[in-house]
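Please look through the structure below with the text beside it. The paragraphs take up a helix residue, a sheet and a pocket in turn.

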Amino acid sequence: MLELIWPWLLLLLPLPLLFRKLLASKQDSSAALKVPFYQQLAQQQTHQTQAKWQLPLLWLIWLCLLLACARPVWIGEPIEMPSSGRDLLMAVDISGSMKTPDMELDGEQVPRLWAVKAVVGEFVERRKHDRLGLVLFGSRAYLQAPLTFDRATVKQLLDEAQLGFAGEKTAIGDAIGLAIKRLRERPADSRVLILLTDGANTAGEVAPLKAAELAKQTQVKIYTIGVGADQMTIPGVFGSSFGSRTVNPSADLDEDSLQKIAEMTGGQYFRARNPQELQKIYHLLDQLEPIEQAEETFRPQKSYTHWPLGIALLLISLLLILKNAFQFAATMRSSETEG
């Protein structure tokens, strides 16, 4: 609907008449009020012919100027903003070990990060009422996406993450510390961090358990996920079974620290040995109770101030053109009379 922000300004519409009466009552006074616009209007009373077309234009100009000052806007239908949800940061390990091809996806062995992107991407798409953010960490931790309702952008940034971009080592403590900085200004009951890694803390300035203590103090709940298979067969000579051996690709996974981090902050530790387990974990995380927040509505507005202002400028131009035309015609008639 079309509304005026300051409709009371339309009460000034009869102001020219008040000035006209004031000027008329003090016509013989030396202290008369001097207002060129209305003085011109008063003078034109002696020119009845011009007044017939000038007065309507002047009134229209005055009305348009008042409408422009009253700020007409078109206000759209209310749009509901998400009224519940969490401030949820995801910290994803992109260190060198995440290239280990011990995850089976669509019938083939793929690097761990590929499986993580597929599962976490679906998780992101489901979080319609949460503010999501993304932290990527290796030797260093980076905020890749701040908390936002724009799930498509978060998913795209996750898909574009590349192995080794943050370094080859793993800075779990720094990732937690960065998440705390981003979550501590949010409502206390909605601060959630989901941390996914396949190793142990081997870099960074903050120890993981020290970071967990800070998270507990700031009421950040941390869910930790240890990803990686327990067994992987390494092919032998020329890819054959001759000389092949079975290894544990997750031998470096520090499950004890991940469990302690989750327990200290009121979260939970999960173990994902394959994409199916990882998917089940994220479906369990979907069951977290949403935190009710203040309901917010947004009504889009579009300003139409330029329309009455533009019409006023056109009318002023028309007024000047007609005035000059009448003066020119009067001059020509005067010349013809004298001639």
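A helix here is a DSSP run of H or I with at least four residues, and helices are numbered from the N terminus. The model is a predicted one. In it, helix H4 spans residues 112–126 and includes Leu113.

Is Leu113 buried or exposed? Buried means under 20% relative accessible area. Leu113 has a relative accessibility of 2%, and therefore it counts as buried. Setting aside neighbours within four places in sequence, the contacts of Leu113 are Val92, Asp93, Ile94, Met98, Ala161, Gln162 and Leu163. Ser95 lies 18 residues from Leu113 in sequence, and the C-alpha atoms of the two are 9.4 Å apart.

Next comes the sheet. Strands of a sheet pair through backbone hydrogen bonds, in either a parallel or an antiparallel way. In this open sheet of three strands the order is E1-E2-E17, with antiparallel pairing. Strand E1 (2–4) and strand E17 (301–303) are the edge strands, each pairing on one side only. On average, neighbouring strands of the sheet are turned by 35 degrees against each other, direction ignored. Strand E2, residues 72–75, is joined to E17 by three bridges in the antiparallel sense. Opposite Ile75 stands Gln301 in E17.

Which helix gives the largest share of its lining? Helix H6 (residues 172–183) does, with five residues. The lining includes Asp174, Lys181 and Arg184, as well as Ala141, Val206 and Leu214. By class, five lining residues are nonpolar, two are polar and three are charged.

How values were computed:
Residues are numbered from 1 along each chain as its sequence is written. This is a predicted model: local features need pLDDT of at least 70, side-chain atom pairs count only at pLDDT 80 or more; totals for chains, interfaces and linings use all residues. Side-chain values use heavy atoms; hydrogens and water are left out. Two strands pair if DSSP finds at least two bridges between them. Helices (H or I, at least four residues) and strands (E, at least two) are DSSP runs, numbered from the N terminus. Axes are lines fitted to C-alpha atoms, for helices over the stretch in contact, and angles run from 0 to 180 degrees between N-to-C directions. On a 1 Å grid over the protein atoms alone, a cavity is a set of points where a 1.4 Å probe fits but cannot get out, and a pocket is an open set with protein on both sides within 12 Å along at least five of seven lines; lining residues have an atom within 4 Å of a point. Ala, Val, Leu, Ile, Met, Phe, Trp, Tyr, Cys and Pro count as nonpolar, Asp, Glu, Lys and Arg as charged, and the others, Gly among them, as polar. Buried means under 20% relative accessible area, exposed over 50%, partly exposed in between (1.4 Å probe, protein chains only). Contact means heavy atoms within 4.5 Å.
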